[in-house]
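Biologist: Show me the model, please. I would like to go through it by question and answer.

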Amino acid sequence: MEIKYYHNPGFVYDLLFVFSSHYNYERHSAAYARFMDKEDAYNYIKGIDERFAPYPDELRLFFSLKDNGRGFMSSCYFTNLNGEQLRELDVKKLLAQLEDHESVVRKLIDFYFPGFSFSGDYTQLLPVLSPIIDQSKYDLTVKCDLYSFFVNPDKRIQALIYAIIDKERMLSEYYKEEYSKIIELQGNIVSADVFLDALAKHMRIDRIISYKAIPFTITLLHRYCIWIHGEETVDFVLVGYLYDYVLKSGKSANFEPDLKTFGEILSEPNRLEMLRIIKERVEVSQKDLERNLDLTGPTTYYHLSLMQKAKMLTVKNVGRYVYYSLNKEYFDKIIVRIKKLCEE
């Protein structure tokens with residue numbers, strides 16, 4: 001089995017990540033804190049934010065993440081593409097798709113209001129959509145952004161195009177400075193089989209299967225990313241240049257929390273109190289919890305192990321001490337699952 005490197009898709013993904021890291025600053029910082037010191041994570045995302053500034057507020061609707069972690073641009077113009085489209089994707093093709101304003105409007109409506117369809121002039125949709133926006137479950141900021149977009153969709157889409165062109169120039173300079181990292185990563189992949197088997201284990205699938213060489217791309221900015229396109233046959237792989245750290249850490253961003261386990265863990269009063277304390281203090285050691293709850297070491301460790309195994313908690317080693325914090329991604333996903341359960 002072989003792998004074949006494609007440069008442009010990774011560059012496009014990083015281009016979208018430039019915007020996403022700004023409009024979802026806290027979420028990306030928290031996600032990166034799973035792999036590095038919390039302060040370093042915030043500084044890293046802040047560094048991206050400052051290097052590629054400014055960011056117009058009028059573009060927030062295109063990049064803000066929903067509760068399920070999906071953003072409009074990354075979902076509709078990257079992850080929803082098939083393998084062939086991903087291989088051929090570059091900034092020129094992305095911009096060409098955005099030039100079709102009606103298509104952008106249709107995709108945006110389907111993203112925010114699945115099942116709603118329209119005919120006629122897309123620039124005259126506001127009267128029809130106003131009550132739908134108003135009755136939606138989105139927060140006030142999203143509702144205001146939706147109203148503003150449909151007042152003049154052409155203007156907003158054109159502003160998006162101009163911003164992408166501007167950030168492409170800035171990102172190209174960054175890639176020139178850091179391109180040696182891509183060369184180094186390619187050189188470190190000693191075997192396609194080892195590389196793909198490691199990814200398969202991380203993604204909890206039996207094995208990555210392909211008829212021919214698997215295309216893959218590398219991102220420099222979104223450096224801890226691992227994303228595989230396809231199910232029975234994988235036809236595209238995206239990895240950040242520090243993906244190997246994610247594999248070694250054993251932390252996967254693709255787990256789905258189990259509601260039954262969630263309920264069982266919260267049914268025990270000591271564990272519920274532990275979560276409350278960890279939330280209040282952000283990071284807590286086992287000794288802190290023992291003292292606060294008057295529990296023995298083995299009992300405290302047992303409860304923490306259960307919550308860590310369920311991925312409720314993240315763990316950080318500092319010298320001889322171990323600190324526990326809430327895994328925000330876990331609770332974000334639990335909230336989404338509970339909402340879906342209530343809506344069924």
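Modeller: First, a definition: buried means under 20% relative accessible area, exposed over 50% and partly exposed in between, with a 1.4 Å probe and protein chains only. This is a predicted model, where local features need pLDDT of at least 70 and side-chain atom pairs count only at pLDDT 80 or more, while totals for chains, interfaces and linings use all residues. Residues are numbered from 1 along each chain as its sequence is written, and side-chain values use heavy atoms, with hydrogens and water left out.

Biologist: Is Cys225 buried or exposed?

Modeller: The cut-off for buried is under 20%. Cys225 has 7% relative accessibility, so Cys225 counts as buried.

Biologist: How many disulfides does a search of the whole structure find?

Modeller: The search covers the whole structure. The number of disulfides found is 0.

Biologist: What share of the contacts with a separation of 6 or more comes from residues 24 or more positions apart?

Modeller: Contact means heavy atoms within 4.5 Å. Among contacts in the protein with a separation of 6 or more, residues 24 or more positions apart account for 66%.

Biologist: What geometry does the pair of Phe19 and Tyr55 have?

Modeller: The structure holds 23 aromatic pairs. Phe19 and Tyr55 form one, at 6.5 Å centre to centre and with 80° between the planes. Rings of Phe, Tyr and Trp (its six-membered ring) pair if their centres lie within 6.5 Å; planes under 30 degrees apart count as stacked, over 60 as edge-to-face and the rest as tilted. The pair of Phe19 and Tyr55 is edge-to-face.

Biologist: Which parts of the chain does this pair link?

Modeller: Phe19 and Tyr55 are both buried. They are 36 residues apart, and the pair links distant parts of the chain. Phe19 is in helix H1 (residues 7-23), and Tyr55 is in the loop between helix H3 (38-51) and helix H4 (60-63).

Biologist: Which peptide bond is cis, with omega near 5°?

Modeller: Pro54 also has its place in the loop between H3 and H4. The cis bond runs from Ala53 to Pro54.

Biologist: Which residue lies over the face of Tyr112?

Modeller: Tyr112 is part of an aromatic cluster that includes Phe111 and Phe113. Tyr112 is buried, with a relative accessible area of 4%. A charge sits over a ring if NZ of Lys or CZ of Arg is within 6 Å of the ring centre and within 35 degrees of the ring normal. At 5.8 Å from the ring centre of Tyr112, the residue is Lys66.

Biologist: Which residue lies over the face of Tyr55?

Modeller: The distance from the ring centre is 5.1 Å. The residue is Lys167.

Biologist: What is phi of Val282?

Modeller: Val282 is found in the loop between helix H15 (269-281) and strand E5 (284-285). At 36% relative accessibility, Val282 counts as partly exposed. Its phi is positive in a residue other than glycine, near 70°.

Biologist: Is Asp294 buried or exposed?

Modeller: Asp294 lies in the loop between helix H16 (286-293) and helix H17 (297-309). Asp294 is not a glycine, yet its phi is positive, about 55°. With 71% relative accessibility, Asp294 counts as exposed.

Note on methods: Helix = DSSP H or I, 4+ residues; strand = E, 2+ residues; numbered from the N terminus. Disulfide = S-S within 2.5 Å.
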